[in-house]
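Please look at the sequence and the model together before reading on.

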Amino acid sequence: MKLSSDLRCFCDHLVRKFGSPGDSSEEQKADEFRNVYLKGLPSNMRTLRAVASCCGINLNGTDKMPHNLRGYHEVFDSKKNIYFRQGDTLSGQQNTILHEIREMMETLFAEADPSYDALRTSARHLAANRFATAVLLPRDDFIKKVYETGLDVIELASFHSKSCAQVLLRMGEVLQGKLFVYSALYEPCGEGSSAWQVAYWTGCHNDEEPESNVSYSDGYFPRKGRHALPGSLINLVIKTKKPHLARVTLSDDDDNGLLALARPLMISGDPIKAVLTAVLSTDRSFIEPQIGRLRPIDIKGFFKHL
């Protein structure tokens, strides 16, 4: 298929192929985007600049960006511009570019299909995040690597040259319905702070075996903003700067429990992030590749907080 350089033509193509934009998933939109524009090329900045040019979009790196904003786009007549934070990481810039492209597409969908009810602000933002991640981390290849690394977020981030946060959230998406997993990314609360908190977390369930799950009730699994508690597994990892493995019981009569593996991301001898991943003890085989590679300190009889 040959498309003109305008992003509008790509949106028209998606409507012809899938029908209403609401009938196709972000995975499908991302797959088609890669097939049409990337054509097997790596999703690095050089490729994305070429793709943006093909779509008729100007990319602009700038240091003049509000503190809480990573990027935005402007469209005047036929001129399309995406602005991204110049000082952001490469993976952050890549994500911003694709995020803004997807938000542009939402406006064009309404023109391609007048009956389509365009997504509102929060839903549009979520769809753009999912689209960008799906373009950068294709599902099939990513799932294969997830299993190969033993659900190792830090290893996956290094391999794909993406942020730990993006990899963690993508892992939750691709494993949904396949396996019970809880994983959290901890970061310092602020520069120079000794307190750490959950910056991102993800969770997925095993839909094929409903009994092979653990409820997220009662606040047992830390959510975003939750501090690392004294005596917790993640607190121990941060203090010792070494990975730890623990069998965690959930109740007094628990015969199964969780297997929790936590590891720090070290820079110049200090931890800058830490990742906690928990699966059912019976699912140890899924994280065994990570255990074998890290050789974590094995804690016997751990009864404290994750």
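Does Gln290 count as buried or exposed? In this predicted model, Gln290 counts as buried, because its relative accessibility is 3% and the cut-off for buried is under 20%. Gln290 has its place in helix α10, and, leaving aside residues up to four places away in sequence, Gln290 touches Thr149, Gly150, Leu151, Asp152, Leu261 and Arg263.

One of these partners, Thr149, also belongs to the contact between two helices, in which Tyr147, Glu148 and Thr149 of α6 meet Phe286, Pro289, Gln290 and Arg293 of α10. Sorted by class, this contact of α6 with α10 has three nonpolar, two polar and two charged residues. The axes of the two helices, α6 and α10, lie 6 Å apart and form an angle of about 55°, and α6 and α10 are therefore oblique to each other.

The helices of this pair cover the following residues.

| Helix | Residues |
|---|---|
| α6 | residues 139–149 |
| α10 | residues 284–294 |

Turning to helix α1, its 12 residues, 7–18, should span 16 Å at 1.5 Å a residue, and this agrees with the model because the end C-alpha atoms are 17 Å apart. At the N-terminal end, α1 is capped by Asp6, which has a side-chain oxygen 2.9 Å from the backbone nitrogen of Arg8, while after α1 comes Gly19, whose phi is positive, near 90°. Within α1, Leu7, Phe10, Cys11, His13, Leu14 and Val15 are buried, and the buried residues of α1 pack against α2, β1 and α4.

Methods:
Residues are numbered from 1 along each chain as its sequence is written. This is a predicted model: local features need pLDDT of at least 70, side-chain atom pairs count only at pLDDT 80 or more; totals for chains, interfaces and linings use all residues. Side-chain values use heavy atoms; hydrogens and water are left out. Helices (H or I, at least four residues) and strands (E, at least two) are DSSP runs, numbered from the N terminus. The expected span of a helix is 1.5 Å times one less than its number of residues. Buried means under 20% relative accessible area, exposed over 50%, partly exposed in between (1.4 Å probe, protein chains only). Contact means heavy atoms within 4.5 Å. A polar contact is a pair of N or O atoms within 3.5 Å; within protein, one must be able to donate a hydrogen and the other to accept it, and residues adjacent in sequence count only if both atoms are side-chain atoms. Axes are lines fitted to C-alpha atoms, for helices over the stretch in contact, and angles run from 0 to 180 degrees between N-to-C directions. Angles under 35 degrees count as roughly parallel, over 145 as roughly antiparallel, 65 to 115 as roughly perpendicular and the rest as oblique. Ala, Val, Leu, Ile, Met, Phe, Trp, Tyr, Cys and Pro count as nonpolar, Asp, Glu, Lys and Arg as charged, and the others, Gly among them, as polar.
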